[in-house]
Amino acid sequence: MTLRLFNTLTGKVDELAPADGKALRMYACGPTVYDYGHIGNFRTFLEIDVLRRFLLLTGVPVQHVMNITDVDDKIIRNAAAAGISIQEYTAPFEKAFLEDLDTLKVQHPEQMARATEHIDKMVELIQKLAEVGAAYQTEEGSWYFRLSAFPEYGKLSKKDLSGMEDGARVDVDEYEKDSARDFALWKAAKPGEMSWDTPIGRGRPGWHIECSAMSMEYLGPSFDLHTGGEDLMFPHHENEIAQSETVTHQTFARHWMHVRFLLVDGRKMSKSEGNFYTLRDLLLKGYKASSIRMALISVPYRHQLNFTFEGLVDATAAVERLRTFADRLATGKFDEGSNDELQAAAKKARADYMDALANDLNTADARAPIFELVRAANTAIDKGELRSGDRDAIQLVLKDFDAVFDVLVDTDAEATKRALAWAEQAGRMNEVAPDLLARQGLSDETIDALVAERTQAKQQRNFARADQIRNELAEKGVVLEDSKDGVRWKRK
RNA sequence: GCGCCGGUGGCGAAGUGGCAAACGCGCAGGUCUGCAAAACCUGUAUUCGCGGGUUCAAUUCCCGCCCGGCGCUCCA
């Protein structure tokens with residue numbers, strides 16, 4: 001099964017397969033580690049995780065490289081304001097970012113590359129550009145890319161810049177540029193700023209050059225796929241193409257994937273709107289990591305996602321339904337044999353699921369057959385018609401579902417504990433939702449003991465006491481389920 | 001302003017030129033249960049932003065308008 005993925009470069013859905021027939025070489029624009037990641041950032045990384053996991057599920061090995069931008073204007077400014085080095089400033093945010101990826105079960109790329117550790121590669125690339133006349137240095141020592149050296153500029157974002165008036169938008173600080181649209185490759189050192197002493201002068205890299213240098217370093221001059229948020233299409237990716245192809249004369253990345261932005265409550269997410277959330281904000285509000293993952297990947301990457309707290313609650317319920325079912329299947333006792341209808345249903349569900357994902361990663365469509373199978377199987381279990389062979393067949397479907405969605409295994413409590421530990425250490429306990437704290441105070445052992453007491457009360461037909469215990473637990477977010485096989489409890 | 005994308009039930013959201021408009025959540029009623037929960041069943045858009053057009057037939061194609069978003073500047 002080959003993935004059909006929209007390609008920004010060609011403007012249509014193209015098949016995505018490794019050019020070398022072995023591993024799919026992909027470069028994903030990563031974070032600038034100047035702050036904690038917000039849910040918009042993570043929507044992009046989650047959608048790329050879906051892509052990566054689907055490729056792996058279809059048997060395509062992946063060579064996935066992601067940059068970590070640990071030097072840029074904001075970092076330099078913030079580090080200076082804090083009176084620390086940029087390394088000291090970015091290290092905790094990088095650590096937090098990786099921890100957040102783990103919280104959301106985003107698989108790590110095969111290779112992560114820090115910009116500051118590849119300065120030499122960037123300098124080499126700028127030198128090559130200078131050799132062919134595509135880069136020039138200004139009097140104050142900055143280097144710029146000469147846009148006129150790359151006639152294909154605009155081919156990714158489909159922009160025709162020929163009509164653009166040179167000089168229409170000249171920034172007063174950049175008056176030395178030959179053309180207003182020429183972009184910075186290297187910024188000359190300013191007094192007191194972090195800089196590197198290199199053959200092309202003392203300074204620091206422009207933003208775009210790192211991705212060209214590092215992708216070529218790890219993936220070669222031409223590779224299969226380049227990804228990022230939709231905002232990066234222009235100018236970042238366009239600039240990467242110009243820098244790279246001017247030197248290599250090869251197609252930089254053959255396939256480009258851009259993830260759509262999300263909205264929050266139907267509005268653009270922004271700090272000034274007051275609808276800006278980091279992952280940690282949500283965890284401290286008491287939402288589960290799995291709910292966030294499910295909510296963010298349930299809308300296909302090419303569509304705008306409207307993030308709401310109601311949507312998060314919906315996702316929680318959806319995940320709960322799946323987990324309850326998976327548990328029912330795993331712990332139930334079923335007769336030997338198999339049921340033709342269920343075997344067929346499982347087969348169809350798996351095929352529909354794979355087809356939906358192969359169709360430009362349509363995650364919304366992919367969920368449907370899974371839920372349909374859950375209903376069919378639940379019905380069969382209720383009627384006593386599900387056999388052990390059916391359980392096995394359905395579990396295989398769930399396994400493939402979870403190979404991409406990864407919400408069935410419950411690690412939410414650990415993620416929340418980690419967030420709380422961070423809040424404690426960062427002095428942010430005041431941001432923690434009170435009911436989350438109340439729930440944390442209840443240990444599994446205490447719950448088990450109360451459940452046992454309730455069971456005893458029930459056996460003595462002391463329903464008043466039994467209900468009292470159930471209500472107490474419910475107030476602390478613990479839900480009980482009585483069944484023939486005993487009592488199950490779960491934290492909401 | 002220019003370019004691009006979207007506007008489907010109470011909410012999220014899939015989808016198609018024409019058979020009953022997926023799926024999830026929610027809500028109402030029922031089965032089960034000591035009562036719940038879970039699970040199942042039934043119901044929940046004669047309708048797909050608004051106005052025109054093309055067509056035997058449009059939510060699906062075309063035009064205009066309104067609304068939201070993105071890009072044109074740093075941004076996932």
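Reader: What makes the side chain of T379 a polar contact of RNA strand B?

Author: First, a caution: this is a predicted model. An N or O atom in the side chain of T379 is 3.2 Å from a sugar or linking oxygen of RNA strand B. The cut-off for a polar contact is 3.5 Å between N or O atoms. The T379 pair is within that limit, so it counts.

Reader: Which part of RNA strand B does R375 reach with a polar side-chain atom?

Author: A phosphate oxygen, at 3.4 Å. F234 also has a phosphate oxygen of RNA strand B by it, but there the polar atom belongs to the backbone, and the distance is 3.5 Å.

Reader: How many residues surround RNA strand B, and which are the closest?

Author: There are 57. The closest are W207, Q304, D314, D382 and R470. To be counted, a residue needs a heavy atom within 4 Å of the strand.

Reader: Which element gives the largest share of the surface near RNA strand B?

Author: Helix α11, residues 363–382, with 10 residues. By type, the surface divides into 24 charged, 18 nonpolar and 15 polar residues.

Reader: Of the atoms of RNA strand B within 4 Å of the protein, what share belongs to sugar or phosphate?

Author: The share is 70%. The rest belong to bases.

Reader: Why is D482 called partly exposed?

Author: D482 has a relative accessible area of 38%. Buried means under 20%, and exposed means over 50%. The value for D482 falls in between, so the label is partly exposed.

Reader: Where is D482, and which residues is it in contact with?

Author: D482 sits in strand β16, residues 478–483. Leaving aside neighbours within four places in sequence, its contacts are R454, K458 and V487.

Reader: How do you know that the side chain of D482 makes a polar contact with the side chain of R454?

Author: Their distance is 2.9 Å. The limit is 3.5 Å, so the pair passes on distance. The side chains of D482 and K458 are joined by a polar contact too, at 2.8 Å.

Reader: How far is the C-alpha atom of D482 from that of G154?

Author: The separation is 63 Å. Along the chain, the two residues are 328 residues apart.

Reader: Why is T103 called buried?

Author: The relative accessible area of T103 is 6%. Buried means under 20%, so T103 qualifies. T103 lies in helix α3, residues 86–103. Beyond its neighbours within four places, T103 is in contact with L279, L283, A289, A415 and R418.

Reader: In what order do the 5 strands of the open sheet stand?

Author: The order is β6-β7-β8-β10-β9, with antiparallel pairing.

Reader: Why do β6 and β9 count as edges?

Author: Each of β6 (135–137) and β9 (196–198) has a single partner strand, so one side of each is left without a neighbour in the sheet. From one strand to the next, the twist averages 35°.

Reader: What makes β8 mostly covered, and which strands does it pair with?

Author: In β8, 5 of its 6 residues are buried. β8 pairs with strand β7, residues 143–145, over 3 bridges in the antiparallel sense. There, F183 is the bridge partner of F145. Another 3 bridges join β8, residues 183–188, to strand β10, residues 201–205, again antiparallel. In that pairing, A188 stands opposite G203, and K187 opposite R204.

Reader: How many helices and strands does chain A have?

Author: Chain A has 16 helices and 17 strands. Of its 492 residues, 50% are buried. The C-alpha atoms fill a box of roughly 90 × 55 × 35 Å along the principal axes.

Conventions. Residues are numbered from 1 along each chain as its sequence is written. Chains are lettered from A and ligands numbered from 1 in the order in which they are written. This is a predicted model: local features need pLDDT of at least 70, side-chain atom pairs count only at pLDDT 80 or more; totals for chains, interfaces and linings use all residues. Side-chain values use heavy atoms; hydrogens and water are left out. A polar contact is a pair of N or O atoms within 3.5 Å; within protein, one must be able to donate a hydrogen and the other to accept it, and residues adjacent in sequence count only if both atoms are side-chain atoms. Helices (H or I, at least four residues) and strands (E, at least two) are DSSP runs, numbered from the N terminus. Ala, Val, Leu, Ile, Met, Phe, Trp, Tyr, Cys and Pro count as nonpolar, Asp, Glu, Lys and Arg as charged, and the others, Gly among them, as polar. Buried means under 20% relative accessible area, exposed over 50%, partly exposed in between (1.4 Å probe, protein chains only). Contact means heavy atoms within 4.5 Å. Two strands pair if DSSP finds at least two bridges between them. Axes are lines fitted to C-alpha atoms, for helices over the stretch in contact, and angles run from 0 to 180 degrees between N-to-C directions.
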